[in-house]
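Here's a quick briefing to read alongside the model.

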Amino acid sequence: ISRENIEGKSDFDIFPKHEAQIYCQKDDEAFLTNKVVRNVYIITGSYNVQHTVETKKFVFHDSELGGLICGIDTDITKLKAKQNEIDLINQNLSKIVHSKTQELETLNKKLVKIAYRDSLTGLQNRASLYLAAKEYIETHIIDAEPFALIYIDMDDFKSVSYTHLRA
C-alpha cells in the first residue's frame, strides 16, 4: 500500500470492517499494556488476495504529542507457505522414521533369537548361557547373596546326540 493511499485514513478506510476491528483492538492492547503486541493476521489485500501479515505494535512516547501507536507489518505469506511445506515434510519423515524403527526392532528381535538359540534344536546356546550366568552373578553380587555355579562340559556330546537324541 502506498503512502498516498493510507495517509490521513483510518484502518476502517483501508481494510474490511472485521480486519480493522482487530487492528484497533491490538492498538488498544499496546496502549493499555505499554508493551510490544505481536499478532499474525490474514488480511485481504488488493484484488481480494489474502496475505498473512505479522504485526508488531508498540507505543512511542513523544514529549509534545504524548503516546503514539507505532506498527510494523511484515508480509509473511511466502514464509508461512514454506513453513507449511516443511511441516508436511517433517510429518512424512516422522512416519518413515517410525516405520523404519519398527522394522529395526523386529529385525533386532530376530537377531537376538539367532544369536542365543541353536538353529537345529531351538534350545538356548552357549552365548545364551554366558549371558544368563553373567546376569545371575551380577544380581547375586549386588544383593550380596551366596550362590553356586556348576558348569558341565561334555566331551564328544555330538556322538551322544547322534546316538541317543535323534529319532
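Tyr136, Ile141, Phe147 and Leu149 make a nonpolar surface patch of about 420 Å². Patches here take residues with over 30% relative accessible area and no salt bridge, with nonpolar side chains joined within 5 Å and like charges within 9 Å; a salt bridge is a Lys or Arg side-chain nitrogen within 4 Å of an Asp or Glu carboxyl oxygen. Areas are Shrake-Rupley values with a 1.4 Å probe. This is a predicted model, where local features need pLDDT of at least 70 and side-chain atom pairs pLDDT 80 or more, while totals for chains, interfaces and linings use all residues. Numbering runs from 1 along each chain, and side-chain values use heavy atoms, without hydrogens or water.

**Partly exposed spots** (between buried, under 20%, and exposed, over 50% relative accessible area)
- Phe147 sits in the loop between α5 (126-142) and α6 (157-165), and counts as partly exposed because its relative accessibility is 36%.
- Gly66 belongs to strand β3 (residues 66-75) and, at 28%, is partly exposed too.

**Hairpin**
- β1 runs antiparallel to β2 (residues 50-62), joined by eight bridges; pairing takes at least two DSSP bridges.
- Five residues separate the two strands of this hairpin, and Tyr47 in the turn has a positive phi of about 60 degrees.
- Ile43 faces His51 in β2.

Terms used. Helix = DSSP H or I, 4+ residues; strand = E, 2+ residues; numbered from the N terminus. Buried < 20%, exposed > 50% of the residue type's maximum accessible area, 1.4 Å probe, protein only.
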